[in-house]
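Please keep the sequence and the structure in view while reading.

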Amino acid sequence: MPTFYGAVDLAKNELRNVVFQNLGSAPSTPVKGQAYMNSADNTLYWYDGSQWIAAKGGAGAVPADTVTTQAVGDTAVPGSSALYSRGDHKHAREGFGVVTAETTFGSASNNGSAVTVSRSDHVHGNPVHDAAAHSAIPLSSLAIPTVDLNLNNRQISNLNLIPVNGGDATSKSYVDNLIAGLSWKDSCRIATTANITLSGNQSIDGVTTNTGDRVLVKNQTTASTNGIYLAGTGAWARATDVDTSAEVSGLAVYIEEGTTLNGTAWTLTTDPPITLGSTNLSFAQFGGGTTYIGGAGLTLTGATFDIVAADSSITVNPDNIAVNTGIIATVASLTAAVTGMAKKFAAALTGTSSPETVTHNLNTRDIALTVYNGATPYTAVEVDWDATTVNTAVVRYNPNLGSGYRVVVFG
């Protein structure tokens with residue numbers, strides 16, 4: 001093949017059927033305007049004096065153009081590179097982020113610092129809005145109702161026993177007591193066992209009074225002075241909740257302390273009309289404590305009385321009592337003598353298995369039942385109960401009382 005060492009001038013005539021030299025790579029020491037066909041990528045290249053340029057608009061062969069990655073918030077840059085980018089080039093973008101779920105009430109806002117983007121249909125979510133989400137909110141923190149409150153036939157439990165204001169709700173026990181003719185008063189610290197001087201702090205039933213102590217006075221020689229008093233260094237005054245005739249009628253009260261009367265309950269047995277200060281007031285125990293004691297010639301073991309003679313002049317037989325050779329009393333006559341006398345049964349409750357059956361064997365449904373804490377301060381509690389049979393009662397409580405509570409039945 002001839003080699004030309006000079007320019008070939010075709011005088012502006014066509015150069016037909018020309019094929020550029022096919023090379024696997026660019027020729028060395030090119031000159032400006034030199035061209036070749038790259039057989040590797042099938043692209044025609046020409047040399048511009050500093051680099052090979054692809055004739056079909058591709059990227060410069062040496063060096064290749066660099067594609068930059070765009071980020072959220074980038075500003076526009078015209079650029080200054082003299083290189084071409086390939087037609088199939090692609091600018092990378094930031095990725096999609098993971099949406100953080102909002103599951104806590106009161107979460108603060110946060111602009112964040114992630115370089116990812118969110119999809120337009122993203123959802124943040126919300127905390128679960130169920131009963132458990134509000135379980136720690138006390139009712140006292142809620143706004144007062146503005147319309148009638150519908151409890152859907154549900155029960156309200158553990159109300160305060162004694163209402164204070166006219167519109168206050170109250171417990172079933174309080175209403176039951178009113179129906180039964182009882183007017184419960186605040187408990188007394190102690191109760192008298194004998195006539196006292198209604199003046200100055202003093203020892204009553206083994207307890208020394210303090211000024212302001214409530215005392216049930218029930219054993220006065222002048223019975224019209226019986227009642228509930230406030231102890232003090234001077235003359236005692238009747239307690240303000242029992243200082244009128246109307247307030248005294250049907251009163252019932254619980255005794256907190258005392259050697260013999262601790263944990264007992266007492267009620268006024270005097271029938272109305274009552275004129276306070278002139279009507280004799282009589283009290284009877286109807287709950288708690290020891291009801292009977294063995295008097296002269298008698299012993300009391302549990303709930304059983306026994307006659308004890310100082311000599312052999314009295315013989316106690318299964319169905320009669322004999323003095324020397326004569327029978328002075330039969331079982332029938334003794335039974336008639338105690339007819340109407342209140343009998344007592346006391347026992348510990350389990351306190352954990354409501355309803356609880358109490359077998360008192362008093363042979364009557366005409367009973368009074370009291371439950372109280374067997375530990376100091378021996379507080380009485382209100383429970384529901386039924387006189388189911390003449391010898392049993394069923395006690396109901398909710399929530400469980402726990403151990404240590406006792407039941408006392410009178411009948």
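D186 counts as partly exposed, because its relative accessibility is 47%; buried means under 20% relative accessible area, exposed over 50%, and partly exposed in between, with a 1.4 Å probe and protein chains only. D186 belongs to the loop between strand 5 (183-184) and strand 6 (190-191). Strands (E, at least two residues) are DSSP runs, numbered from the N terminus. Although D186 and V253 are 67 residues apart in sequence, their C-alpha atoms are 6.7 Å apart in space.

The model is predicted: local features need pLDDT of at least 70, side-chain atom pairs count only at pLDDT 80 or more, and totals for chains, interfaces and linings use all residues. Residues are numbered from 1 along each chain as its sequence is written, and side-chain values use heavy atoms, with hydrogens and water left out.

**Sheet and cores**

Two strands pair if DSSP finds at least two bridges between them. Strand 5 and strand 12 run parallel and are joined by two bridges; S183 stands opposite L251 in strand 12.

L251 is also part of the largest nonpolar core, which has 17 residues; L216, I228, L251 and V253 touch the most other members. A nonpolar core is a set of buried Ala, Val, Leu, Ile, Met, Phe, Trp, Tyr and Cys residues joined through side-chain atoms within 4.5 Å. Strand 12 (251-254) and strand 13 (265-268) are the elements that give two or more residues to this core. Setting aside residues up to four places away in sequence, L251 touches S183, K185, I228, V242, W266, T267, L268 and F283, where contact means heavy atoms within 4.5 Å. A second, separate core has 13 residues, including L362, A393, Y397 and V407.

| Partner of strand 25 | Direction | Bridges |
|---|---|---|
| Strand 21 (residues 356-359) | antiparallel | four |
| Strand 24 (residues 384-386) | antiparallel | three |

A hairpin of five residues joins strand 24 to strand 25, and D384 has R396 in strand 25 as its bridge partner.

**Aromatic rings**

How many aromatic pairs does a search of the whole structure find? The search finds four. Rings of Phe, Tyr and Trp (its six-membered ring) pair if their centres lie within 6.5 Å; planes under 30 degrees apart count as stacked, over 60 as edge-to-face and the rest as tilted. Y36 and W52 form an edge-to-face pair, at 4.9 Å centre to centre with 85 degrees between the planes. This pair links distant parts of the chain, as Y36 in strand 2 (residues 35-38) and W52 in strand 4 (residues 52-54) are 16 residues apart. Y36 counts as buried because its relative accessibility is 3%, and W52 is buried with a relative accessible area of 9%. Y36, Y45, Y47 and W52 form one aromatic cluster.

Charges also sit over rings, as defined by NZ of Lys or CZ of Arg within 6 Å of the ring centre and within 35 degrees of the ring normal. The charged end of R119 sits over the ring of F96, 3.9 Å from its centre. K218 lies over the face of W266, at 4.3 Å from the ring centre.
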